[in-house]
Amino acid sequence: MNQMLYEKNVVAERKIAPNEALPLRTAKAHHQELLPATGVHPGAIGVALGASTTLLAAAWVGFAGGETSLVLVVVTVIVLAFFGCLVGGGMIGRNMTPDHRQDRSFAEFLRGDVDIETGRISGREALMQIAALPVTLAAGGIAIIAIALWTA
């Protein structure tokens, strides 16, 4: 209701065509395609979560039972907090800009850009920043677990 009144007033005062009186967001949607998405793809978060889950599962398989179970419970709580931070950050950091697409494939994510606090980085760089530490920790942790079980 107010939008129609606003458009009529703007058209009457400025003597412009009704099509030009549309708000900027609506005009963009009518006249041009949306900009590419710049958010983090959920698959990048999934890589980090998968690596953490793999390490946790290997630790439970290798060391469950006895007094080490308490340590594994503490480690599990820490990993769950890590999961919560990753998933929460992913939900908060989603691409909510009205003039950008909301979704893209994982391949488009890797080839495209990602908005971060200090500017834009490539999707490959974002994936490395998100997944490098969990994947490295999982690989090293599984190696340590394997050595500990092999030498025991």
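The expected span of a helix is 1.5 Å times one less than its number of residues. The exercises below apply to a predicted model.

**Exercise 1. Compare the span of helix H3 with its expected value, and describe what follows the helix.**

Solution. 
1. Helix H3 contains 22 residues.
2. From its first C-alpha to its last, H3 reaches 31 Å, which is close to the 32 Å expected at 1.5 Å a residue.
3. After H3 comes glycine 65, which has a positive phi near 105°.

**Exercise 2. Describe the overall make-up of the protein chain: which elements does it have, and in what order?**

Solution. 
1. The protein chain has 6 helices and 2 strands.
2. Along the sequence these elements follow the pattern α-α-α-α-α-β-β-α.
3. The protein chain has 152 residues, of which 26% count as buried.
4. Among contacts between residues at least 6 apart in sequence, 61% join residues at least 24 apart.
5. The accessible surface is about 10,500 Å², and carbon and sulfur atoms account for 68% of that area.

**Exercise 3. Classify alanine 126 as buried or exposed, and locate its partners.**

Solution. 
1. Alanine 126 lies in helix H6.
2. Its relative accessibility is 5%, so alanine 126 counts as buried; the cut-off for buried is under 20%.
3. Setting aside neighbours within four places in sequence, alanine 126 is in contact with Phe109, Val114 and Ile121.
4. The C-alpha atoms of alanine 126 and alanine 44 are 8.3 Å apart in space, although the two residues are 82 residues apart in sequence.

**Exercise 4. Identify the buried residues of H3 and examine serine 52 and alanine 59.**

Solution. 
1. The buried residues of H3 are Ala44, Ile45, Ala48, Leu49, Ala51, Ser52, Leu56, Ala58, Ala59 and Gly62.
2. An α-helix has 3.6 residues a turn, so residues three or four places apart point the same way.
3. Serine 52, which is located in H3, has a relative accessible area of 9% and is therefore buried.
4. Not counting residues up to four places away in sequence, serine 52 touches Val79, Phe82, Phe83 and Pro134.
5. Alanine 59, also placed in H3, has 12% relative accessibility and therefore counts as buried.
6. Apart from neighbours within four places in sequence, alanine 59 is in contact with Ala64, Leu72 and Ile145.
7. Leucine 72 is 13 residues from alanine 59 along the chain, and their C-alpha atoms are separated by 7.4 Å.

**Exercise 5. Which residues form a nonpolar patch on the surface, and what is the accessibility class of valine 73?**

Solution. 
1. The nonpolar surface patch consists of Trp60, Val73 and Val77, with about 250 Å² of accessible area together.
2. Valine 73 belongs to helix H4.
3. The relative accessible area of valine 73 is 41%, so this residue is partly exposed; the class covers values between the buried limit of under 20% and the exposed limit of over 50%.

Definitions and conventions
Residues numbered from 1 in each chain as written. Predicted model: local features only at pLDDT ≥ 70, side-chain atom pairs only at ≥ 80, totals over all residues. Heavy atoms only, no water. Patch = residues over 30% accessible without salt bridge, like charges linked within 9 Å, V, L, I, M, F, W, Y side chains within 5 Å. Areas by Shrake-Rupley, 256 points an atom, 1.4 Å probe, with all protein chains shown as cover. Salt bridge = Lys/Arg side-chain N within 4 Å of Asp/Glu carboxyl O. Helix = DSSP H or I, 4+ residues; strand = E, 2+ residues; numbered from the N terminus. Buried < 20%, exposed > 50% of the residue type's maximum accessible area, 1.4 Å probe, protein only. Contact = heavy atoms within 4.5 Å.
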